[in-house]
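Please keep the structure open while reading the points.

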Amino acid sequence: MPGASKRRVPVSQPGMADPHQLFDDTSSAQSRGYGAQRVPGGLGYPAASASPQGAFLADPVSNMAMAYGSSLAAQGKELVDKNIDRFIPVTKLKYYFAVDTMYVGKKLGLLVFPYLHQDWEVQYQQDTPVAPRFDVNAPDLYIPAMAFITYVLVAGLALGTQDRFSPDLLGLQASSALAWLTVEVLAILLSLYLITVNTDLSTIDLVAFLGYKYVGMIGGVLMGLLFGKIGYYLVLGWCCVSIFVFMIRTLRLKILAEAAAEGIPVRGARNQLRMYLTMAVAAAQPLLMYWLTFHLVR
């Protein structure tokens, strides 16, 4: 209508806000202006690693934690080593396993043919016995340990050839051998204490010397499997005499030599007890060799 007043409605332009909106919408501006520059770090803040101040504060803490952990690990290792050495002399055990192939061959020959051996003295270097690989007279634990394991395996083979094999019977065979070895060691230690013998013969030395009889037991059982009872008695008899001679000549230096150093007369009462003890230990080896093997050969 020509008389009506004409109102001009403003045309919204791009970039201008809606006149009826209470607050300005800045989401688009933020997404355009700041969204591309944000680094996701939680709650819209930059990551701590991107800040030099954060890295400065984080490095000392991690270094302190690593140093504290290393200190605890070192203290724990030292504590474990002390406790192990208290109950299990690891350092001493290393000496008894310091062997090589040449020593093992010579020692086995000495156990089977001890009659031709002349020098039975253990060699020392600055009051310390040399390692077994340098002295065939030195006791070791390698041969007794391997001989015991081989004896158990040979016993299982013998039982299997007789259709008598069972895990329980094999375990009984192994436990019996260990039980008799323990009884021997305890009996010798008690006897040495009762007759007041001052000797450098340690418990590990006794285990080594008493464990050498397993070598002859293995030979007797194997010959029994191959040639029957005759082969068993021949080989076991030879090994029994050999181990008797070996023990006499070895323990004589350990027990009687101390008596001579103390000035005890050869025919004295205490020296006679030492000789009887040496003879009893040597005589017990053939008896146990037969007792632990005779039922394996039929």
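1. In this predicted model, α6 touches α7 through Leu181, Glu184, Val185, Ile188 and Leu189. On the α7 side the partners are Thr203, Leu206, Val207, Leu210 and Gly211. Sorted by class, the contact of α6 with α7 holds seven nonpolar, two polar and one charged residues.

2. Two packed helices are described by the angle between their axes and the distance between the axes. For α6 and helix α7 (residues 203-211), the angle is about 130° and the axes lie 10 Å apart. The two helices α6 and α7 are therefore oblique to each other. Their crossing is right-handed.

3. Helix α6 (residues 167-194) also packs with helix α5 (residues 142-161), at an angle of about 145° and with the axes 10 Å apart. Here too, α5 passes α6 in a right-handed crossing. From α5, the contact uses Phe148, Tyr151, Val152, Ala155, Gly156 and Leu159; from α6, it uses Leu169, Leu170, Gln173, Ala174, Ala177 and Leu178. Ten residues of this α5 and α6 contact are nonpolar, two are polar and none is charged.

4. How much of the protein scores a pLDDT of at least 70? The figure is 69% of the residues, and the average pLDDT is 79. Residues 1-17 are below 50, and this stretch has one contact in the model beyond near neighbours in sequence. Residues 28-49 also stay under 50, with eleven contacts beyond four places in sequence. Where pLDDT is low, the predicted coordinates should not be read in detail.

Terms used
Residues numbered from 1 in each chain as written. Predicted model: local features only at pLDDT ≥ 70, side-chain atom pairs only at ≥ 80, totals over all residues. Heavy atoms only, no water. Axes fitted to C-alpha atoms, helices over the stretch in contact; angles between N-to-C directions. Helix = DSSP H or I, 4+ residues; strand = E, 2+ residues; numbered from the N terminus. Left-handed = near helix turned anticlockwise from the far one by under 90°. Contact = heavy atoms within 4.5 Å. Nonpolar A, V, L, I, M, F, W, Y, C, P; charged D, E, K, R; others polar. pLDDT = per-residue confidence, 0-100. Parallel < 35°, antiparallel > 145°, perpendicular 65-115°, else oblique.
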